[in-house]
Amino acid sequence: HGRDDNDHRSGEKKDHDDDEIERPKKKKKVRPPKKKKMQESSTRTNHNDSGRQPMVRSKGAPSGAALALSAELKALSLRKRLREALDMYWNPSNDSIRDGHHASIVVDCCSRCGAVEEAEKIVNSMKDSGTHVSVQANTALLKGYAHSGQIEKGDNLFKQMMETRDTRDRPNIRTFNTLLRGCLWTAANVYEEDTASSKGCIAGGVITSEEAWAGFQKQSPDTKQYSAGSRGNLNDATEFDSSSYEYSVALLCQALKCDSAEQRISEFKIAMNIKSSVKGNAESFVASDSSVLESLALSLLALARSYILLGRYDEAQQRARASLNAADAAVGNDNKKTSVSDHAVSSGGKRAWRESANTSQGVDIESRRAASNTLFRSHRLSELKSEAQMVIDASMAQSNPGKETTVLAKFLVSRLLYFSGGGTTTLSSANDGSRKRPHVNNERAQLTNALWLSFGLAAAVGRDKVPTELHPHGKDRSVLAKKDKAALHQAVFSSLTSSSSTGGNDRPLNIELGAGSGDWIVSQAQHNKLEDYVSVELRADRVAQTFAKCMLNMSKDETIKPLENVCCVGAECGSFLRDRIIDGSVSSIYVNHPEPPTQTYGSDDKDLEVILESDGEPAHMLNSTTALAAAKCLKQDGKGKLIIVTDNRWYATLICATLQKTMNEHTNLLQQLPLERCNGQPCSDIGHCVPTSSKGSGTSYFDRLWRTGAGRHAEMKKRGETITFFLFGS
């Protein structure tokens, strides 16, 4: 979405399983009839809608031409050149060499570019032609489902892989972690009008992750031939790694299932051979792998955050101090070499990049990647320590606990709205603003389902059993019409603020798109108490983090007093603005450092020509559909402002082209005025409040990351400047 992390930070390998997987030799239990049938089917004409030739089945080492095609497809995938990759893949000249490995590369490219429908077409064509659909291809497709928020499809695919008779095609650790990331990004909800296999099911969030955890843990022993410490291919390891535990604990803590999270952390320490000892009132840790300690620190911090939300202050302090100790241990280990056996620990997660390539180019890439990872890890640990210390300070300041869960429940139902999730903006969202949402009959049931199942409402009210109104076929007691924008606005910003002397709905309304984990918008809301703010973020885990920061706001008397003037929304930005916000009601829309399609997209004039002259926009948050929706929401007569801040000049050029296209196509909506551009640090002149305590250090995660010098692609020689654009409503 707006602030989606780069692949090496968010836990995705850029070129998914690029190398051919050396599979174990199969015993002589192969079924000859079925093998013959598959060989025969591979010669049939492909009857998919493309009418193209079927893929061939490799019987030996790939030819030079096949290897060359793989290299070209990988290069295009790395640059997210989807159309070029598809054209090359389907080119008739490649009919005689196209195989399942090429298909896996292109499926991964489709998933990374937000084109999950194209990924599905390729996988279906593989099945139609009798081509073996490998675990790599299915994992790449699962990644597409995770990014697009179609978690129920990802859940179904994972279950199908688990049930396959050929153990080689069952999920490996990368498949499993991909599903867990999808669960982090998309909260649990009820899906009832979908395929027969998912009708009436609950999918997403901790519901799917815990079910998958139990199933993956029970895989038969013969599927664990590449376990930790073995000499097999580490990519096929099926044992949980540090990322698995980190994601799982995060999901449990997001739902405020603290006891289950404690148990999972205990399992984590045993599985990863983490030695712990108690010093004072907190644990200290020792492990050979700093990435394992980092995952442990993040897990403990998530648990501390959950405890303090529930008013369990002593436990929050203990876990926050333990998180600090784990982070310090990770920093102490950063310069140590990781042994070969430790590769299995991180084989399927965000840190699966330790083996250097044999070529000089590979060594150079590995060296740059290692330097980048070190910078990001250092920054992330610094952020972790700051938040852990905040939890400690807030916990120590509370003297009269008792009503925390009541306040938490009240704010959950009035200040957290979850409509849809996912990892990134999809092409379908960019082209027509559509995005798959849970199939429920009314809006209130959808909103409450997510709160109860994924965001801790059950823990806040102290009930384990799902209320009748949450059941997909239960009687709804509070209907909020899907298109009733006025009712939505009234329900949110009247419930707490209208009783105050500041005037309720007459207050200025400001929206941040792609709000990330909420640092910036919380800072603004703290400073401007007489204005209302809405944070819009696609990823459910970031929505939960923003909500937690609002709840843990420290008042002047050093006690916790939740922010009343912020509403945290989980949704795709364009659809939220179009479907949920009253036209002409918004004072300002802010977009801070949005994520470009690629770091260099827009550097080529041809990219801009495609945007201006056709519908060929790449998948990114600030597409023309979102720009149009934003313009309609802004106050008229020049009173509404869209303010975009970026440090990437190439992306700034792409944004200009997108806004120009929108203005050309809707001349009656937008003023035909030149975009106003400013260089320099964001300040009060454009509506950015910079608190005194934050000057010089940044007001958000990405602002502080920017100040470390991260992001080599974004005009390093102009690093000290930020580019800001204005677009005024008509």
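Contact here means heavy atoms within 4.5 Å of each other.

First, the ground rules. This is a predicted model, where local features need pLDDT of at least 70, side-chain atom pairs count only at pLDDT 80 or more, and totals for chains, interfaces and linings use all residues. Residues are numbered from 1 along each chain as its sequence is written, and side-chain values use heavy atoms, with hydrogens and water left out.

Now the overview. The chain has 27 helices and 12 strands. Those are DSSP runs, numbered from the N terminus: helices are H or I with at least four residues, strands are E with at least two. Of the 730 residues in the chain, 58% are buried. Buried means under 20% relative accessible area, exposed means over 50%, and partly exposed is in between, with a 1.4 Å probe and protein chains only. Take the contacts between residues at least 6 apart in sequence: 78% of them join residues at least 24 apart.

On to helix packing. Two packed helices are described by the angle between their axes and the distance between the axes. Axes are lines fitted to C-alpha atoms, for helices over the stretch in contact, and angles run from 0 to 180 degrees between N-to-C directions.

Start with H3, residues 64-78, and H5, residues 100-112. They pack at about 5°, with axes 9 Å apart. H3 and H5 are therefore roughly parallel. The cut-offs: under 35 degrees is roughly parallel, over 145 roughly antiparallel, 65 to 115 roughly perpendicular, and the rest oblique.

Which residues of H3 and H5 meet? From H3, Ala66, Leu69, Ser70, Leu73, Lys74, Ser77 and Leu78. From H5, His101, His102, Ile105, Val106, Asp108, Cys109 and Arg112. The residues of this contact divide into 7 nonpolar, 4 polar and 3 charged. Ala, Val, Leu, Ile, Met, Phe, Trp, Tyr, Cys and Pro count as nonpolar; Asp, Glu, Lys and Arg as charged; the others, Gly among them, as polar.

Next pair: H7, residues 135-148, and H9, residues 173-185. Their angle is about 5°, and their axes are 9 Å apart. That makes H7 roughly parallel to H9. Among the H7 residues that meet H9 are Val135, Leu142 and His147. The contact of H7 with H9 has 5 nonpolar, 5 polar and 2 charged residues.

Now the rings. The structure holds 13 aromatic pairs. Rings of Phe, Tyr and Trp (its six-membered ring) pair if their centres lie within 6.5 Å; planes under 30 degrees apart are stacked, over 60 edge-to-face, the rest tilted. Phe176 and Phe240 form a tilted pair, 5.4 Å centre to centre, with 45° between the planes. Phe176 lies in H9 and Phe240 in the loop between H10 and H11, so the pair ties together parts 64 residues apart in sequence. Both Phe176 and Phe240 are buried. Ring pairs also link them into a cluster with Phe158, Trp213, Phe216, Tyr245 and Phe268.

The charged end of Arg264 sits over the ring of Trp213, 4.2 Å from its centre. That requires NZ of Lys or CZ of Arg within 6 Å of the ring centre and within 35 degrees of the ring normal.

Last stop: His593. This residue has a positive phi of about 50°, although it is not a glycine. Where is His593? In the loop between strand E9 and helix H24. His593 is buried, at 17% relative accessible area.
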